[in-house]
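Please look at the sequence and the structure shown here before reading on.

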Amino acid sequence: MKKALLLSVVASTMIMAGGDIAPAPVVAAPAVEGCADGWEFTGEAVLYYQTMSDKRGGVINLPDYPVEDMFSANNSAADAGLQLAVVNKDIYGGLGAGVELSGLATLGLEDEVVTGIMQSADGNLNGGAFTQAYLTYGMGNTSLKVGRQQLPLALSPFAFSEDWNVFKNAFEAALIINTSLPNTTLVGAYVDGSNNHTNLQEFDEMTASGLGDVVSADDGVFMITAQNNSIANLTLTGTWYMAPEALLESEDINILWADAKYKTDRFEVGVQGGTIMGADDIGAEDTTAFGVMGGTTLSMFDLGLAYTSVDEGTAAIENLGTNVKTPLYTQMILNQNFIKSNSDTFMAKAGVAALGGKFGLAYSFSDIEANVVVPADAEYSELDFTYKFKYSKCTTLFAGYIFQDFDVEDAAKDWDNSAVRLWARYNF
């Protein structure tokens, strides 16, 4: 299964002359004609670096990754990225279009500072890809978007564009959004392919860890989402995915997922849960998961707690487009493989604004039974310490330190890992 979604200045002038106030004479500005009328050009430049002390921590795209010291070239990955986008929401009669081109390169750092990359545009160290290319059409309360596009987690929890890497992944999809009902957004989608962070140019069928070897979503994946805000501060979201005859080319995969969040200026609470169905039909096990979360603001601190539980079902609770991140409340920087299958996870976090930015501290603990991702009973904990700083209106800096500890019954297989992630983004 490898596929999946989404949806102004007025100035006046006065002059003082001889103590009287009078309107300034209006001088019409000369008309400026150009060829880009209606087209909006934007872009992003990114520098991204990550290093780890142990290969089992999860750096991607490092084929030769010995266990060495942090910051060594063999344990480090980096990218320089440039992304350019152009959008016109109304070319003619409500028809619009958008195109996005992404380029990624190492700037010659490979083999000296780093060994590999965090992300590839086309499967190579240096390359480019058209990461979005779509048409849009709007009519009344309904909008349509067809082509290569990004899908948001809030409306597509099992096929969403992740923002943890240099650039987001995307999907080949047809998306329709309707807001005719009061306080309600209805979303329908057909997803025919997804790329991942290893190769942004290559779009394949979506898959699920645990079911990947028996999944063949040749007929694509259908999604329906309804989100309602009728009650003040409360957001209710329900989603259904269906991949026809995706299991052994005969059985359907169905995913049901719901999320309810109540949020005010001072606190928020949430409940989530759902199931992946179809595995029972081929002699495997369906998967069920749920989670709860709560957070509050006390003086200058943001505090939060969360708990999630995923049973022993065959399929992992994860993004079917990348097989990396999860929609679970306990998702942290690197803990996804330890929370998405047969695992109970607790998480606590705190944030504080200081030194012009925001410091964050988060800790999670997972009690894991052997599953499709972790092949042994184990305990996993992670500590994330982060700092995010908006240097200017267009520039954001991030620094994060991650510590992971993995313990199993066979102590010889225990490991721990320290990681550092740094990035800078300039939007224009």
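Predicted model: local features only at pLDDT ≥ 70, side-chain atom pairs only at ≥ 80, totals over all residues.

Residues are numbered from 1 along each chain as its sequence is written, and side-chain values use heavy atoms, with hydrogens and water left out.

**Strands and their partners**

- Strands (E, at least two residues) are DSSP runs numbered from the N terminus, as are helices (H or I, at least four residues), and two strands pair if DSSP finds at least two bridges between them.
- Strand β3 (residues 40-52) pairs with strand β4 (residues 76-92) in the antiparallel sense over 12 bridges, and within this pairing V46 has G81 of β4 as its bridge partner.
- β3 is also joined by 9 bridges to strand β21 (residues 415-427), again in an antiparallel arrangement, with A419 in β21 as the bridge partner of M52.
- Strand β15 (residues 287-298) and strand β16 (residues 301-310) run antiparallel and are joined by 10 bridges, and V292 stands opposite Y307 in β16.
- β16 pairs as well with strand β17 (residues 343-354), in the antiparallel sense and over 10 bridges, where F301 stands opposite V352 in β17.

**Backbone angles in turns and loops**

- Most residues other than glycine have a negative phi, and most peptide bonds are trans.
- In the hairpin of β15 and β16, where 2 residues lie between the strands, S299 takes a positive phi near 55°.
- F71, found in the loop between β3 and β4, has a positive phi of about 70° although it is not a glycine.
- N233, in the loop between β11 (221-228) and β12 (234-247), is not a glycine either, yet has a positive phi of about 75°.

**Buried and partly exposed residues**

- Buried means under 20% relative accessible area and exposed means over 50%, with partly exposed in between (1.4 Å probe, protein chains only).
- N233 is partly exposed, with a relative accessible area of 41%.
- W257 in strand β13 (residues 251-263) is buried, with a relative accessible area of 5%, and its C-alpha atom is separated by 7.5 Å from that of Q272, 15 residues apart along the chain.

**Aromatic rings**

- Rings of Phe, Tyr and Trp (its six-membered ring) pair if their centres lie within 6.5 Å, and planes under 30 degrees apart count as stacked, over 60 as edge-to-face and the rest as tilted.
- By this rule the count comes to 16 aromatic pairs.
- Y190 and F222 form a tilted pair, 5.0 Å centre to centre with 50° between the planes, and because Y190 lies in strand β9 (residues 184-196) and F222 in strand β11, the pair ties together parts that are 32 residues apart in sequence.
- Y190 counts as partly exposed at 28% relative accessibility, and F222 counts as partly exposed at 38%.
- F398 and W423 form a stacked pair, 5.3 Å centre to centre with 15° between the planes, and since F398 lies in strand β20 (residues 395-408) and W423 in strand β21, parts 25 residues apart in sequence are tied together.
- Both F398 and W423 are buried.
- One aromatic cluster is formed by F359, F385, Y387, F389 and Y391.

**Charges over rings**

- A charge sits over a ring if NZ of Lys or CZ of Arg is within 6 Å of the ring centre and within 35 degrees of the ring normal.
- R425 lies over the face of W423, at 4.7 Å from the ring centre.
- The charged end of K325 sits over the ring of W164, 5.2 Å from its centre.
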